[in-house]
Amino acid sequence: MANTAVLVNEFGKVGLDHHLLRRADEKTVLLEHGCVCCTTREDLVYALLNLLDDEDKGRIPALDRVVVETTGLADPAPILFTVFSHPVLQHHYYVERVISTADVLNGHLHLDRNPEATRQVAASDVVVLTKTDVAEDGEISALRARLQRINPSALIIEVPFGEVDPDQLLRPAADWNNSAPTPEAFVVADGAHVSRTHSTSLTFDGPVDWAAFGTWLSMLLHARGEDVLRVKGLLDAGETGPVLLNGVQHVMHPPEHLEAWPDDDRRSRLVFIARGISSEELIGSLEAFRRIIGARPRLLEANAPV
Amino acid sequence: MCVLCGRDFVAQVHWTNRHIEDKARVSGSDPLEYQRDRRRDRVHRAALTNEVLRHYGLRVEDWSGSKYLLRDKKGRSEIVQDLGALWPAAEKLAGRPLDPLDPALLHTLTEGD
């Protein structure tokens, strides 16, 4: 964790070099035709540009990483949008991962009451379970199962007494699919309740045409972006390695065309976490686009709404 | 657009074009090969997109390798930069939402299968 700067919303009593700990008050700028996810966080732009400037002038050591600690109710999408779209930031920073914490004692309550909590879990690559040391085993496994249903692609880890190995939090992105469903797993969705968040995991029966898939996905995000809380996965586009897709609402990470597959399984694996869109609708649409996309979709797993 | 040289600067490469644009930034890459790939990709993309736009009575074509020209059957047109800008412009010309989950569009796409 050396050479890591931390941006926080409120000062806490953290024993860090003050040069590397900055306060960034939330300040958002809504863009023209902007939905909530496509807003720029001006505070973050200012703080990140300042860090670049300080690093450049030698006032702080060369940085390897910046950790942005948001408020508990922050929507992660505008933060990602800010880094991807700012003309300077997009060339100096990339988003490594989104980490959220879930309190085992109150997690269910937050998920029931605050839609932001579900959005945060959907946008996460890693979910850290806290207060596991004071919870019953049943509570831990119930929350873990619920979080995994919301986001099958997230890595969920437990942190008793707040002790965590930084390597565990900051593992390479390619191992995201550790917890992804296997083709054998098949759960029939509860199609009656599509108004709430649920996830769909799918694959294709062959390589897809990347340009065509991009056409379909960009059209879907245009029409339903606010309801597509997350798209994540590896896509077989007929190249030597897969395309790593990662998007939160309208905000897509720049897709990475990887050199090689992370394991022997060379099939596409995609997870969609959506609100009000059923697995049948997604599969039906991809099925109709099959001639353009060049492969047929296959449902791997559909989770009932949570 | 730059008033001195007449070129417009695209600050944001749309994610669907990233793989082609990133190739150009790799040092030692062949600029001719990049141009060929890019042109091929644009023509291919326009053809694919037209399969979808057909349902809405619209057509898109590559416009001098830098933009796309979107037209409807009444002769109205819009110039767009990429797929990110295409869908809102197409929606404006079509006068109705463009949704890949719309059963009527899916029916058109599977006609004749």
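In what order do the three strands of the open sheet in chain A stand, and is their pairing parallel or antiparallel? The order is β6-β7-β8 (chain A), and the pairing is parallel. Strands, like helices, are DSSP runs numbered from the N terminus (E, at least two residues, for strands; H or I, at least four, for helices), and two strands pair if DSSP finds at least two bridges between them. Because β6 (99-103) and β8 (155-158) of chain A stand at the edges with a single partner strand each, one side of each is left without a neighbour in the sheet.

This is a predicted model, in which local features need pLDDT of at least 70 and side-chain atom pairs count only at pLDDT 80 or more, while totals for chains, interfaces and linings use all residues. Residues are numbered from 1 along each chain as its sequence is written, chains are lettered from A and ligands numbered from 1 in the order in which they are written, and side-chain values use heavy atoms, with hydrogens and water left out.

**Two sheets**

Chain B holds an open sheet of three strands as well, ordered β1-β2-β3 (chain B) with antiparallel pairing, and its edge strands, β1 (58-63) and β3 (77-80) of chain B, each pair on one side only.

| Strand pair | Sense | Bridges |
|---|---|---|
| β6(A) and β7 (126-130) of chain A | parallel | five bridges |
| β1(B) and β2 (67-72) of chain B | antiparallel | six bridges |

Within these pairs, Ser100(A) stands opposite Val127(A) in β7(A), and Trp63(B) has Lys67(B) in β2(B) as its bridge partner. Helix α2 (residues 31-53) of chain B lies across β1 and β2 of chain B, at about 170 degrees to β1(B); such angles run from 0 to 180 degrees between N-to-C directions, with axes fitted to C-alpha atoms, for helices over the stretch in contact.

**Where the chains meet**

The contact (heavy atoms within 4.5 Å) takes 33 residues from chain A and 28 residues from chain B. Together the chains bury about 2,700 Å², 66% of it on carbon and sulfur atoms, where buried area is the accessible area (1.4 Å probe) that two parts lose on being put together, summed over both. In chain A, Met219(A), His222(A) and Arg291(A) lose the most area to chain B, together 22% of what that side buries.

Two salt bridges (a side-chain nitrogen of Lys or Arg within 4 Å of a carboxyl oxygen of Asp or Glu) cross the interface. Arg224(A) forms a salt bridge with Asp99(B), the closest N and O atoms being 2.9 Å apart.
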